[in-house]
Amino acid sequence: MAIDRRKFLAKTGLALAGAGAAGCGSQPSGSAAVHTQPQITWRLTSSFPRALDTIFGAATQLAERVSALTAGRFKIIAYEAGEMVPPFQVLDAVQQGTVQMGHTASYYFKGKNPILAFDCTVPFGLTARQQNAWYYYGGGLDMMRHAFSDFGIIPFPGGNTGMQMGGWFRREISSMQDLAGLRMRIPGLGGEVMHRLGVTVQVLGGGDIFPALETGAIDATEWVGPYDDEKLGFHKVAPYYYYPGWWEPGPSLSFYVNESAWFKLPSEYQNALEVAAAEANVHMLANYDAKNPEALGRLLEQGVQMRAFSDDIMTAAQKISFELLDEFAAQDVAYDKVYQSWKKFRESSYQWFSTAEMAFSRFAFSL
Ligand code: CA
């Protein structure tokens, strides 16, 4: 792995690939250097609609910061999903150079390579803090960049929603028996685990979920968390709000940069982009963490019923989740290499968080 990493760093020119937040050290910077640099305009396509202001907002924030850091000479224009590129074609568009940048959730592209799911989240994976620890100091970003080099893309961590909610249910789900035959909208690996738990899984786009839930075509749906869920109005037709969203404990969003476009940038602009991405990464989670409590308060005032998934559901879901990841690993040596490293990190991180963090959370956050 050490040799791979050196090769990769030489290839991409990223001086601190494993510590992206720190920026780069030795290049001269400041306005004097920037003013001798060219005017460059890039296009960024997002997988998200502008209406999801927390998640889409990371792209506009990145663009503003890059512009400010380069005296307005490096401009990035952010387009919402579908404006230029459909939401699930962001990887293709960046790979092909249709746009220089994308902002997306890498698990959308696990069909291209299942390893890419680790760049976002997997069931019973890492929380937002653990994900950042893994990216920046646990070798995660190096491994993800290695996987993305097959697509000519350099990924940068680009925000996190934090632990998601389990979603909206029309009726109570008290035990495993209640999951049998339940019709739920839930995409990705979480959907695969739910399927193995007996759920009839449906995949619907954002706009189609509410009518399906309202008419009873589906019994349940997951989305994100209080701030985003409130906008879609699920609480009006499905009063039971379950937690946690164990399939998405810390979904990380990513900025994708076309590799050849990156190499054409002056080093000052590369630094600005790297710093702005790290800042956007911090801000999205902070934004969600500030807005979710107020949104949850408003939902509770409207009669929403909070429910935790029962221990038997959590235990069965965890067992199946680990089996699913083991199955991927058994089929693919490259996946197994990333998985073993990730799994070791997860285990040690879980152990650390089970001490002070958990004891404090249990005591102080109990209402
Ligand atoms: Ca979700």
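Student: Does Tyr 136 count as buried or exposed, and at what relative accessibility?

Tutor: Tyr 136 counts as buried, at 11% relative accessibility; buried means under 20% relative accessible area, exposed over 50%, and partly exposed in between, with a 1.4 Å probe and protein chains only. The model is predicted, so local features need pLDDT of at least 70 and side-chain atom pairs count only at pLDDT 80 or more, while totals for chains, interfaces and linings use all residues. Residues are numbered from 1 along each chain as its sequence is written, and side-chain values use heavy atoms, with hydrogens and water left out.

A search of the whole structure finds 27 aromatic pairs. Rings of Phe, Tyr and Trp (its six-membered ring) pair if their centres lie within 6.5 Å; planes under 30 degrees apart count as stacked, over 60 as edge-to-face and the rest as tilted. Tyr 136 forms a tilted pair with Tyr 135, at 6.5 Å centre to centre and 55 degrees between the planes. Tyr 135 is also buried, with a relative accessible area of 1%.

Trp 168 and Tyr 241 form a stacked pair, 3.7 Å centre to centre with 15 degrees between the planes. This pair links distant parts of the chain, with Trp 168 in strand S5 (residues 167–169) and Tyr 241 in strand S9, 73 residues apart; strands are DSSP runs (E, at least two residues), numbered from the N terminus. Trp 168 is buried at 0% relative accessibility, and Tyr 241 is buried at 0%.

One aromatic cluster includes Phe 48, Phe 88, Tyr 107 and Tyr 256.

Key
Helix = DSSP H or I, 4+ residues; strand = E, 2+ residues; numbered from the N terminus.
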